[in-house]
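Welcome, and please have your viewer ready.

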Amino acid sequence: MTPDSKPHAEFRDLLEALCQVWGPSGHEDRVRALLLELIAPHVDETRVDALGNLIAVRHAAAGGAKGTGVDAPRIMVAAHMDEIGVVVTHVDQDGFLRFGPVGGILTGNLIGTRVTFEDGTVGVIGAEKRADQAKAPTLDELFIDVGADDAAAVTQRVGDMAAFHHRLDWSGGRPIAPNHDDRIGCVMLVAALRRFKPGPNTLVAVFSTQEEVGTRGAETAAYGVAPQLAIALDITGAGDTPKAPPLALKLGAGAAVKVKDGGMIASPALRRLMEERAQAAGIPYQLEVLTGGTTDARAMQTSRAGVPAGAISVPTRYGHSPSQVIDLADVQAGVDLLLALLEGDVSGLLGSGLTGSGLPGAG
């Protein structure tokens, strides 16, 4: 049940819309269609590339950084559309579906979880009887029950994907959903596009595909965009639950500015600039050092000859589970920080005056 208080009403409305759209990796079409509808009035141009990334541009102000705005610094901001899920690998004679992972799933979280297929079919994940019921099952001990009496009654085929059953609930004022990773990043990017005031920089917003299976969409999008600066919007862990692994992040304490994760080290200069802008504007923030996992920032950072890259993250409890919990105050801080960066001078981060405008595919 949504709480009665109405702070962050825009974020609530966007979450209600985006968290209930089906879209595991490689099947982001429905999410992309909704996002295009949401951002169309607020961008100068859009396109969809070969991997299905939705790319939207807000040009710099005319007379901005270099006179016309055409050669203004290009900042790519990426939020991925896909969510983790499962894929059918076998249907047995009794109508039970065996499956594999789409992205990182934790088998200990899955027994009794509902999943939804593209056609709307809902199934329940069950487990074989095991010698030690206290131990987490292995993937090959799990199956999906779609209520069929035998294989002939199953409409799903090998290769069909399912996502965790979509439902947005509230714990106090905090939203719970199976796909805050990364629909909350999409919410932040939509909100930033609505608020962006053209200035010295061109914003290239990328709603990327297939992040959960290897940051593939952002890799190709970054090659085409050829940005001078790149920022990913995503979730991160939280260390504020009982006996949680030591992690200096908690819900409600502000946006997380990435220092390092399991796949990349953020540009130190960009991280310092984020901190400076946050401090100057009184935006609450935390520093993120994550020992495992990574984001689209890794793919953008290593694109072409390299791009200064970082990430703004939303601390999240129970990530990669069917019940992820966030705090909208951290989302607000993230949007505020992103805009403080996008609307200010970033020329000091570009290095040697190179803009990349002469590279193939740039512009």
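Which residues does R58 touch, not counting residues up to four places away in sequence? Select R58 and you will find H42, V43, D44, L193, F196, P198, N201, T202 and L203, where contact means heavy atoms within 4.5 Å. Before going on, note that this is a predicted model, in which local features need pLDDT of at least 70 and side-chain atom pairs count only at pLDDT 80 or more, while totals for chains, interfaces and linings use all residues. Residues are numbered from 1 along each chain as its sequence is written, and side-chain values use heavy atoms, leaving out hydrogens and water.

Stay with R58, which is found in strand β2 (residues 54-58); strands are DSSP runs of E with at least two residues, helices runs of H or I with at least four, numbered from the N terminus. R58 counts as buried because its relative accessibility is 12%, and buried means under 20% relative accessible area (1.4 Å probe, protein chains only). Now show the polar atoms of its side chain: one lies 3.0 Å from the backbone oxygen of H42, and the backbone oxygen of F196 is 3.5 Å from a polar atom of that side chain.

Next, select helix α2 (residues 29-39) and colour its buried residues, V31, R32, L34, L35, L38 and I39. Look down the axis of α2: these residues fall within an arc of 165°, so they line one face of the helix; the arc is taken from the directions from the helix axis to the C-beta atoms. Their packing partners are α1 (9-18), β1 (45-48), β2, α3 (180-195) and β12 (202-208).

Key. Buried < 20%, exposed > 50% of the residue type's maximum accessible area, 1.4 Å probe, protein only. Polar contact = N/O pair within 3.5 Å; in protein donor to acceptor, adjacent residues only side chain to side chain.
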